[in-house]
Amino acid sequence: MPDVPSPVADAPSGEPESAPPPGVETDEEPVHPVSAPPSPTGADTTAPEASTPPAAAPEQSAGLDPTPPTAAATTETAPDADPADTATPPADVTAPPATEAAPSAADRPATTDPETTTTAPAEPPADPEQVLAAYRWRLDSETLREVVDDADELRTLRRRLTEKLGASLDNRARARLLSLRAVVSRVVHDLDDALADGRLALTYAEATGELRRTALARARLAEVLRWKGEFAEADRLFAEANSAELPDRLRAALHEHAGRSCYDQGRLMEACEHFERALDLRRADDPELTERIRVCLDAVHTRAAARGGFGPYPRSREEVLRGRKSPVPTLDGGLGRWGYADADGELVLDYRYAEAQPFREGLAWVRRADAPGWELIDEAGSTLIGPSYAAVRAFSDGLAWVSRGGEADWMAIDAEDTVAVPAGFEDTRPFTAGVAPVRRGGWGAVDRTGRLVVPTRYHGFRTALADGRRLDGFTDEGLAVVELGGFRGVVDRTGRVLVAPAHPELVIHPVAFLANDRTGRWGALDRRGEPLIDPVHPNPDAVLAEIDLLLTDAHPVL
């Protein structure tokens with residue numbers, strides 16, 4: 001565990017630690033100190049849900065409205081979505097509500113009779129997460145940072161987040177509350193405390209294995225690093241967070257904040273690309289985002305005019321994640337040999353290979369004309385594994401599938417030629433999220449140790465996504481569409497069947513599963529496989545439109 005303050009301890013300035021409000025959590029793990037590390041299995045072991053959940057801060061499934069007018073009657077919502085990212089804010093709220101003033105003495109009744117007068121119970125304070133979700137930040141038009149008019153008001157909100165954190169005993173809640181407390185500490189310029197909270201929040205979020213929760217924690221930590229001027233790590237975290245499998249509203253916010261980081265570095269063309277991508281995702285549905293992007297683009301224009309240009313060309317995602325762009329294969333037609341060139345087209349590895357695959361994770365397979373098999377090289381051209389394998393596939397998640405040319409002998413190795421998954425498979429697909437589809441008779445999946453997590457009983461793995469992409473295996477979130485007897489279902493990386501193979505077609509959406517029935521009508525299931533939208537629509541687009549109506553008007557707090 002990193003050397004950081006206990007998550008219960010509030011940020012600086014000697015603010016007293018408050019006792020946690022009773023009954024604030026309903027999904028608790030077995031009791032252990034709040035500063036304890038995340039569950040080593042990555043999964044929360046939570047107690048049964050309380051029969052009466054707290055009234056404040058209702059938690060909904062990825063922002064879905066629990067009472068949609070046209071949803072199926074059996075609609076359910078998954079636990080522990082992030083209220084600060086899914087709640088519909090009250091109208092016209094521009095700052096946390098102030099405490100109502102008590103009546104003056106002149107306004108009080110002249111006499112009070114304890115036998116006949118009752119005192120109304122005091123209104124409980126609004127949940128701090130809901131207050132933070134309702135807050136509308138003012139953006140400085142030059143620095144593109146959030147501005148607050150009353151820092152003490154937010155420090156009070158931070159103390160209340162600390163109180164709630166004191167009663168939170170599962171990884172999900174810790175990740176959420178610590179990262180929100182990091183947001184508040186950042187905007188009041190307590191950056192060291194924001195950084196400590198942000199790093200610890202990411203540790204807890206990654207332990208849950210949940211894509212959306214981890215993306216939020218990465219983005220909130222990245223924004224703290226941006227304010228501290230640590231741009232390389234900030235940009236990497238923004239890029240890691242922004243998966244195409246996330247809801248569009250969250251992806252738009254991630255592009256907006258990544259663009260602000262590029263703006264700070266003078267990468268104005270790259271900043272514009274991010275701002276334009278945010279508008280492409282949400283322009284018609286989010287006037288507040290559109291207004292913020294207008295402020296950002298005005299700032300870019302002003303800075304470009306002052307500096308006489310827009311800075312360097314935009315980086316690729318690979319450059320942001322790895323700090324540089326890998327060399328690419330290039331062919332000398334006269335020699336009939338392959339080499340590798342850098343981003344400027346300069347030859348960096350000579351034309352000496354009969355075949356050359358692209359670099360993945362800094363590694364590439366190449367074959368020399370006189371060699372019996374493929375060898376592995378790094379970006380400097382050094383040989384890491386000699387010409388040992390008749391067939392090879394690119395590295396993914398630190399492992400590559402290789403074959404010596406025999407029957408059903410595909411195995412997975414690491415970059416040191418250590419076997420991670422023993423031979424025995426007829427066909428394979430790349431590792432994603434720690435698992436890979438394999439075929440041995442039928443299709444199943446193994447983890448990085450070779451343990452069979454999905455039995456080899458399926459006829460195929462072909463995962464369709466709502467954005468039109470198709471994957472040969474698992475998503476970043478660890479979900480896959482499987483086929484059995486011409487019908488499709490969904491399994492997760494642990495082998496759990498979320499949707500039984502009963503649908504002619506099935507598509508994974510960021511918050512649901514789109515599926516049709518045998519009549520060709522489309523509907524949707526929630527992430528537990530329960531009915532969400534009845535199969536009454538003629539095509540998936542109509543279902544997508546209805547899902548968008550079910551989503552609350554969320555403003556992700558980053």
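Student: How much accessible surface does the chain have, and what share belongs to carbon and sulfur atoms?

Tutor: Accessible areas come from the Shrake-Rupley method with a 1.4 Å probe, and for residues only the protein chains shown count as cover; here the accessible surface of the chain comes to about 25,900 Å², with 51% belonging to carbon and sulfur atoms. This is a predicted model, in which local features need pLDDT of at least 70 and side-chain atom pairs count only at pLDDT 80 or more, while totals for chains, interfaces and linings use all residues. Residues are numbered from 1 along each chain as its sequence is written, and side-chain values use heavy atoms, with hydrogens and water left out.

Student: Which residues of helix H12 are buried?

Tutor: Buried means under 20% relative accessible area, exposed over 50%, and partly exposed in between (1.4 Å probe, protein chains only); helices (H or I, at least four residues) and strands (E, at least two) are DSSP runs, numbered from the N terminus. In H12, residues 540-550, the buried ones are Val543, Glu546, Ile547 and Leu550. Seen down the axis of H12, these fall within an arc of 105°, taken from the directions from the helix axis to the C-beta atoms, so they line one face of the helix. On the other side of H12, Asp541 and Leu549 are exposed.

Student: Against which strands do the buried residues of H12 pack?

Tutor: They pack against S25 (513-516), S26 and S27, where contact means heavy atoms within 4.5 Å.

Student: In which sense do S26 and S27 pair?

Tutor: Two strands pair if DSSP finds at least two bridges between them; S26 (residues 522-525) and S27 (residues 531-537) do so in the antiparallel sense, over three bridges, and Ala524 stands opposite Ile533 in S27.
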